[in-house]
Amino acid sequence: MAWLGEIDLGTKAAPVTGPMVSLIIDGQAIDVPEGTSVMRAAALIGTNIPKLCATDSLEAFGSCRLCLVEVEGRAGYPASCTTPVTPGMVVRTQTEKLKKLRRGVMELYISDHPLDCLTCAANGDCELQDQAGAVGLRDVRYGAGASHLGQAKDVSNPYFDFDPSKCIVCSRCVRACDEVQGTFALTIDGMGFASKVAASQAEDFFSSECVSCGACVQACPTATLVEKKVAEIGTPDRSVITTCAYCGVGCTFRAEMRGEELVRMVPWKEGKANRGHSCVKGRFAWGYANHKERILNPMIRASIDQPWREVSWEEAITHTASEFRRIQAKYGKRSVGGITSSRCTNEETFLVQKLIRAGFGNNNVDTCARVCHSPTGYGLKTAFGTSAGTQDFDSVMAADVVVIIGANPTDGHPVFASRLKRRLRQGAQLIVIDPRRTDIVRSPHIEAAEHLALRPGTNVAVLTAMAHVIVAEGLVDEAFVRERCDWSEFEDWAEFVADPRHSPEATERMTQVPAANLRAAARLYATGGNGAIYYGLGVTEHSQGSTTVLAIANLAMATGNLGRDGVGVNPLRGQNNVQGACDMGSFPHELSGYRHISDDATREMFEGLWGVPLDDEPGLRIPNMLDAAVDGVFKGIYIQGEDILQSDPDTHHVSAGLAAMECVVVQDLFLNETANYAHVFLPGSTFLEKNGTFTNAERRIQLVRKVMQPMNGYEDWEITQLLARALGYDMNYAHASEIMDEIAAATPTFAGVSFAKLDALGSVQWPCNAAAPEGTPVMHLGGFARGKGKFVRTEYVASEEKTGPRFPLLLTTGRILSQYNVGAQTRRTENSRWHEEDRLEIHPHDAEQRGILDGDWVKVASRAGDTSLRALITDRVAPGVVYTTFHHPSTQANVITTDNSDWATNCPEYKVTAVQVGRSNGPTDWQEEYEELSRRSRRIEAVAAE
Ligand code: SF4
Ligand code: SF4
Ligand code: SF4
Ligand code: FES
């Protein structure tokens, strides 16, 4: 369905770099870039030529013939959408002849269209209806004959319907799926009158390749493809621009409302991260905001075996503050701490760490980024001087060779993946380094040049072997290295990687990557033009995560692939605000902007700003807090927007740590798994109910705007503020923008950021300050932030986690498109229809050896514990490797992950666990006990009494 109230210029913009062309349209002169269509040129001067098959998000197609124009000196009536401007062209768009032709075309469309406008879901927001009015069609002469009316609707998709009787076969949906999304799920079947839109090789949308991105629905000019919510609620009457709260791509949306009710989320064309595209999560999976399980009142209980008691906000906050003060009086100042959330806004995150440092008086603050991208922070800061990716997403359109390491963008970062796929279809080459054959390796019109299916845990060896090839074969960009990097460190590194023990042939047995493929990949990256590396948690969540990030940085520097468009080192961040959570000073050793707590000048500046002395000792990381709790010296924790019981490794240890505390405070939307061990539950607000900012994987800071009032009464930062005041530390913010003003005042890389600027520009990428008032899309342009780029030796130290006779397989984990992280939000939406449970992927050979059939229950056992789930037999994984997602609490995937972690940052080694797999009869005893514990700990007094 059409975009409510957005201007559609009909065809895409031509590059502004080319020469300008002057022409005259209806007597008006205009200059436009060469390559612009007549339709777009006319729209730019306010002349909207009637159109149906054209829209400015797609290539012009020229099928509907409604946009005909007259061009002086040219015979016939060319379609303005497919006719490029030429110098001196004189165009007429409104002659009597054109009007007659257009009415004739429109009459044919309408004669085969149901005339049910008054009851149609798109009434008032339908391009066919608008264009019929625009061409002045008043009656239809053709009577009953063959038609497409009365065909059955396809209602199989949970979010949108397909009503073929309303289809005008303009092909916008098919082209959107091909060009924008890159899934090629739709086709036009048949010829002429018989032609119709169909899901390729499938009965209906749900059983097709469709990934429910919504691009076709957005492109459809009629109500053929329409959101179920629009049909249910009615067309929206206002909209608010805001930012998706799911992944680190950071898509911006128009939240379209009818009154106070959210009708739909439509990707915003002006959004610089998503450029008008979306995935199923941001577009459709927002129903959790109204889910019946959402907790809206604060609750407390004296012990975790009691039911919850609903209390007033005042009682909850007073009780929490007095508990923290009691604990500190009894066990010492450092016996409490807190965890910030990568799902919350920058302002909320900043305030939680301020509460801990200034209110609690210690630095025991950490963030869930600990368990995902902390090695990125360490590695990139060491090599380049800044803890963040180097490019914007647009940069990929200038890449010639793209390396994807340990990331699964079509599932994890789908909107970026669509952009990447477009570039690959244009001819860029792809190298995938991943133990699993992810979708990006082979998809419609895309085939990776190399897929290095390495053994889990050997990233460092593979990347060092690639460096070996680059150095040994003389492929180093010496001019770049001499100019931009420390030459003596480079020489030391080059000597290290050149050692024959690092050759592809020497490492092949260990990595299981054929030497010839590894050599080909290294040569392609070093010599194929602009080389861009994108990586994910398959890099960081290892005991050598930081070493791998350093190895990536080494490769990029050695080949000169930094400091311009189309290249770079790009971490694909998992959660929406992982980058922001790190930037805001969530780590125990750093204040905002990555400045060490022991740095006197920085600490003194914050002491002046916050009016209290700050502890100069770094605080505890999450695993250390849990260890200290088990040891009896850490007794209270404030957890905002995180479910560490489900997301952190070694569940038994996490539960032991939480159970040993005297006051666990969880602030969240739902009673999550961690809340099983909580004494206070503070209901949180959704992204739709708050103001603030998120920072995406490109360092892009974007506004989150309040779409509706918080159902719990408060935005999350307001709750933190209430708690701070109750603790005796005064905070006085009236609006989230005031918190950003404080962040800007205290953080050099954010010095130029304000809500007013974000409102005006849409977004900025940090650093944003006096030197870069509109932000920094590509970093390290003239030189590295740290001065000279630093090469670091990357010795491969194998994980302690080793396979053997007891545990012969390696388990690695990841996520799937329809679900998000621990699933708290997406499991409470229709997205679960695509992924109702986590499955264990196992290679046919390993399954056969164990007598496992597809769908069988299997027990997965490691040194840490065991769990059961059902098997999915597939050759996506290599023999010896098994894989699962971790979106469902019942799977308890983290019961089996170990407490091994990255040597520099403690990021857990989720990606390598030695396991044994065998058939089982269903969930383990432990899983059943846990379900019971979970059920009991969710009792709320009022409900229990019923
Ligand atoms: S929803 Fe997306 S993937 Fe599905 S058919 Fe439409 S464009 Fe293609
Ligand atoms: S479904 Fe909509 S976009 Fe697709 S061909 Fe029909 S009218 Fe056009
Ligand atoms: S790609 Fe990420 S940010 Fe964009 S809509 Fe999907 S989940 Fe949201
Ligand atoms: S809009 Fe130009 S031919 Fe359809």
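**Entry 1: ground rules**

Two strands pair if DSSP finds at least two bridges between them. Helices (H or I, at least four residues) and strands (E, at least two) are DSSP runs, numbered from the N terminus. I am working with a predicted model, in which local features need pLDDT of at least 70 and side-chain atom pairs count only at pLDDT 80 or more, while totals for chains, interfaces and linings use all residues. Residues are numbered from 1 along each chain as its sequence is written, chains are lettered from A and ligands numbered from 1 in the order in which they are written, and side-chain values use heavy atoms, with hydrogens and water left out.

**Entry 2: the S6 and S7 hairpin**

I began with strand S6 (residues 186–189) and strand S7 (residues 196–199), which pair in the antiparallel sense over four bridges. Leu186 has Ala199 in S7 as its bridge partner. The two strands make a hairpin with six residues between them, and Gly190 in the turn has a positive phi of about 80°.

Phe184 is not a glycine, yet its phi is positive, about 55°. I also checked its cover: Phe184 is partly exposed, with a relative accessible area of 23% (buried means under 20%, exposed over 50%, partly exposed in between, with a 1.4 Å probe and protein chains only).

Most residues other than glycine have a negative phi, and most peptide bonds are trans. Arg65 is another residue I noted, with a positive phi near 65°. Arg65 sits in the loop between helix H1 (38–44) and strand S3 (70–71) and is partly exposed at 37% relative accessibility.

I then found a cis peptide bond between Trp766 and Pro767, with omega about 0°. Pro767 belongs to the loop between strand S30 (763–765) and strand S31 (809–814).

Is strand S29 (residues 700–704) buried or exposed? Five of its five residues are buried, so S29 is largely enclosed by the rest of the structure. I sorted the side chains by direction: Arg700, Gln702 and Val704 point one way, and Ile701 and Leu703 the other way. In a regular strand the side chains alternate between the two faces of the sheet.

Strand S28 (residues 692–695) pairs with S29 in the antiparallel sense over four bridges, and Phe694 has Gln702 as its bridge partner. S28 and S29 form a hairpin with four residues between them; Arg699 in that turn has a positive phi of about 70°.

**Entry 3: a seven-stranded sheet**

I traced an open sheet of seven strands in the order S13-S12-S27-S26-S25-S14-S15, with mixed pairing. Strand S13 (309–310) and strand S15 (365–367) stand at the edges with a single partner strand each, so one side of each has no neighbour in the sheet. Within the sheet, strand S12 (residues 299–300) and strand S27 (residues 680–683) pair in the antiparallel sense over two bridges, and Met299 stands opposite Phe681.

**Entry 4: salt bridges**

How many salt bridges does a search of the whole structure find? I get 52, counting a side-chain nitrogen of Lys or Arg within 4 Å of a carboxyl oxygen of Asp or Glu.

I looked up three of them. Glu227 pairs with Arg264, the closest N and O atoms being 3.2 Å apart. This pair links distant parts of the chain, 37 residues apart: Glu227 is in strand S8 (residues 225–227) and Arg264 in strand S11 (residues 261–267). Both ends are buried, Glu227 at 3% and Arg264 at 2% relative accessibility.

Glu293 and Arg828 meet at 2.8 Å, N to O. Glu293 lies in the loop between helix H7 (280–284) and S12, and Arg828 in the loop between S31 and strand S32 (839–842), so the pair ties together parts that are 535 residues apart in sequence. Glu293 is partly exposed at 40%, whereas Arg828 is buried at 16%.

Arg725 and Asp730 form the third, with N and O atoms 3.9 Å apart at their closest. Salt bridges that share partners also join Asp125, Glu227, Arg254, Glu256, Arg264 and Arg283 into one network.
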